[in-house]
Amino acid sequence: MNEMESKPRMSRHHEIGLTDDQAIEMYRTMLLARRFDERVLLLQRAGKINFHVSGIGQEAAQVAAGFALDRNVDYFLPYYRDYGLVLSVGMTVRELMLSVFAKAEDPNSGGRQMPGHFGHKRLRIVTGSSPVTTQVPHAVGIALAAKMKGEQFVSFVTFGEGSSNQGDFHEGCNFAGVHKLPVIIMCENNQYAISVPIHKQIGGRIVDRAAGYGFPGVRVDGNDPLEVYRVVKEARERALRGEGPTLIEAMMYRLSPHSTSDNDLAYRSKEEVDENRAKDGIPKYKQYLIDAGIWSEEQDVQLNADLKVIIDDATSYGDKAPFPTPESTLLHVYDGDSEGGRA
């Protein structure tokens, strides 16, 4: 046996700086996001909640990005499908369930916003508004503050490919490029803007737009969490060196309907969905872990059982938690001097 043959082959996750435990924790978080999403869809169908916007099929890129960033200092500006991202940076399933049920304890908005409008002050998750893509200039403003203060953190913002056509995206990118700001701008390209396929909404490629703003653009397979982790990590290191923004276009597929009010089979075929289901990042990553010798089917069965306990607990807690009171729903809406207002 020669020297090369005697050395153990380095796994991909080791090559990009992940330990075995971190690689497994990424998988656990991806699966947790998926099982949460599936539970909420059932709750909506059962009439327990009113509305849900699903992120099934997008968890691999979301979680990988969260793991590549610094959860202690960076700022996160997610869009409404990013359950995997917010779980990866510290939100709990119980907190997400409180939002789903619109309960008073909801840390996102006290039960006053639609689900998916994430916000968590301690975790530096900045609440988005209902108009899409407004979070991009907000992320750029946070990055400007980092540069002005000389502080070492980045802002990370996500959005769908449909909303990349909005003016907020272009204005944010232009400002970030002019001032070389430490912001990472990631498009989760899931192929559909509600019912409109990508070839009817975008001329060219989103990633190529970065050149017009003077910073790099990287297209990555969003079903490959290790590749997404590598790209986001490199973008963060670049930003902290003072080299400015990076636009990342993560290619993926939305396996679920746009929302619970959407009939996706009215604009795409079951065969198309099934073809893309075979590319789903979660089972592919599970098989990678097994092939790397750090995971097994027995461990996977136990993990699914453990996650069910967590989700059952969160569902029960969210269902029983009190709704906002009339007074609390007006809190912070009006100032104390307004007629009928609340301080």
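In this predicted model, the largest nonpolar core holds 62 residues, of which Met 97, Phe 156, Val 232 and Tyr 285 touch the most other members; such a core is a set of buried Ala, Val, Leu, Ile, Met, Phe, Trp, Tyr and Cys residues joined through side-chain atoms within 4.5 Å, where buried means under 20% relative accessible area with a 1.4 Å probe and protein chains only. Helix H3 (residues 20-45) supplies the largest share of this core, 11 residues, helices being DSSP runs of H or I with at least four residues and strands runs of E with at least two, numbered from the N terminus.

**Basis of the values**
- Local features need pLDDT of at least 70 and side-chain atom pairs count only at pLDDT 80 or more, whereas totals for chains, interfaces and linings use all residues.
- Residues are numbered from 1 along each chain as its sequence is written, and side-chain values use heavy atoms, with hydrogens and water left out.

- Leaving out residues up to four places away in sequence, Met 97 touches Phe 36, Arg 39, Val 40, Leu 43, Ile 311, Ala 314 and Thr 315, contact meaning heavy atoms within 4.5 Å.
- A second, separate core has 23 residues, including Val 136, Val 183, Cys 187 and Ile 202.

**Glu 249**
- Glu 249 lies in strand E7 (residues 246-251) and counts as buried because its relative accessibility is 1%.
- Although Cys 187 is 62 residues apart from Glu 249 along the chain, their C-alpha atoms are separated by 4.8 Å.
- Beyond its neighbours within four places in sequence, Glu 249 is in contact with residues including Cys 187, Asn 189, Arg 205 and Arg 219.

Note on methods:
Buried means under 20% relative accessible area, exposed over 50%, partly exposed in between (1.4 Å probe, protein chains only).
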